[in-house]
Amino acid sequence: MSKLLSKYHLPDQDKRTQHITPKTANWEYVHFAVYELGAGETITLPASENETCLVLVAGKATVVTAGQQFEKIGERMDPFERKKPYAVYVAPNETMEIVAETQLELAVCQAKGKGRYPTRLITPRDIGAEQRGHGNNRRYVHNILPDDQAADSLLVVEVYTDEGCTSSYPSHKHDTDNEPLETYLEETYYHRLNPSQGFCVQRVYTDDRSLDETVAVYNKDVVMVPKGYHPVATIAGYDSYYLNVMAGPTRKWLFKWEKDHQWVNGKEYAEKHAIAPHLGSKS
């Protein structure tokens with residue numbers, strides 16, 4: 001099995017189903033975990049030097065930190081409702097207690113913090129939504145913690161891709177510290193499929209093909225992207241959701257397109273697919 005793929009497993013004794021650290025991923029910045037809790041269950045996350053973005057992928061919760069309490073937040077019970085999520089940004093050096101008010105699927109996104117920004121609630125109204133691309137490259141995006149919102153390191157976004165389409169495409173990369181053209185950002189993809197027995201395909205590869213891996217990704221798997229291009233393709237019958245977490249030495253999302261496929265961004269492709277009723281929003 002690819003070292004870039006972390007398979008879903010049933011909740012462990014800590015209620016975790018995924019646990020990615022710099023040590024396990026062989027990188028420096030991104031920490032990522034997923035917890036699944038039943039209604040009434042509680043987890044406590046220890047204080048650390050990391051800043052944290054708690055994303056309620058599905059369900060409702062109460063979140064308590066050192067100086068804040070956010071009661072019964074959350075609206076969507078399934079990410080494929082395509083509602084914007086609730087999230088909580090937590091400053092470094094704060095313990096977090098999360099109480100599940102319903103069945104809860106919680107993503108814990110972390111990276112090195114500097115303590116410049118206070119803990120805050122991120123509501124659906126705070127989250128920008130956009131459509132990117134055209135035709136079979138159309139996808140729908142919720143910008144949970146983009147680079148124009150306050151944080152030290154973290155970038156967090158979720159993306160919906162309809163069946164039979166591509167996303168994170170045309171292929172792009174952000175593995176070189178070369179501003180203003182590109183920034184170095186490690187990235188995780190937490191995948192969900194609808195219906196849940198489905199799969200999608202993700203390829204991770206570099207220009208020189210020293211890294212070139214293609215993996216079949218099933219529901220609740222994680223793909224790690226340490227470098228290179230990383231497009232996703234869905235198959236007929238199965239819609240895709242993924243939650244992206246990025247972090248690096250500079251908090252800017254600057255990337256480089258792969259030249260061979262950049263034409264898909266152009267006017268000719270857009271005009272060819274100007275009318276594509278099968279790709280309408282399902283919100």
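1. Arg-116 sits in the loop that runs between strand S10 (104-112) and strand S11 (120-122). The model is a predicted one. With a relative accessible area of 48%, Arg-116 counts as partly exposed, because the exposed class begins only over 50%.

2. Leaving aside residues up to four places away in sequence, Arg-116 touches Ala-151 and Asp-152. The side chains of Arg-116 and Asp-152 are joined by a polar contact of 2.7 Å. Between Arg-116 and Ala-151 the C-alpha to C-alpha distance is 7.7 Å, while the two are 35 residues apart in sequence.

3. Strand S12 (residues 128-132) and strand S13 (residues 139-145) run antiparallel and are joined by 5 bridges. Glu-130 has Val-141 of S13 as its bridge partner. The two strands form a hairpin with 6 residues between them, and Gly-133 in the turn has a positive phi of about 80°.

4. The largest nonpolar core has 32 residues, and Phe-32, Cys-53, Val-55, Cys-109 and Leu-243 have the most contacts inside it. Strands that each supply at least two residues of this core include S10, S13, strand S5 (50-58) and strand S24 (239-247). S24 gives the most, with 4 residues.

5. Val-55 touches, among others, Tyr-86, Leu-106, Cys-109, Ile-144, Val-156 and Leu-243, not counting residues up to four places away in sequence. A second, separate core of 20 residues includes Tyr-35, Phe-70, Ile-73 and Val-108.

How values were computed: Residues are numbered from 1 along each chain as its sequence is written. This is a predicted model: local features need pLDDT of at least 70, side-chain atom pairs count only at pLDDT 80 or more; totals for chains, interfaces and linings use all residues. Side-chain values use heavy atoms; hydrogens and water are left out. Buried means under 20% relative accessible area, exposed over 50%, partly exposed in between (1.4 Å probe, protein chains only). Contact means heavy atoms within 4.5 Å. A polar contact is a pair of N or O atoms within 3.5 Å; within protein, one must be able to donate a hydrogen and the other to accept it, and residues adjacent in sequence count only if both atoms are side-chain atoms. Two strands pair if DSSP finds at least two bridges between them. A nonpolar core is a set of buried Ala, Val, Leu, Ile, Met, Phe, Trp, Tyr and Cys residues joined through side-chain atoms within 4.5 Å.
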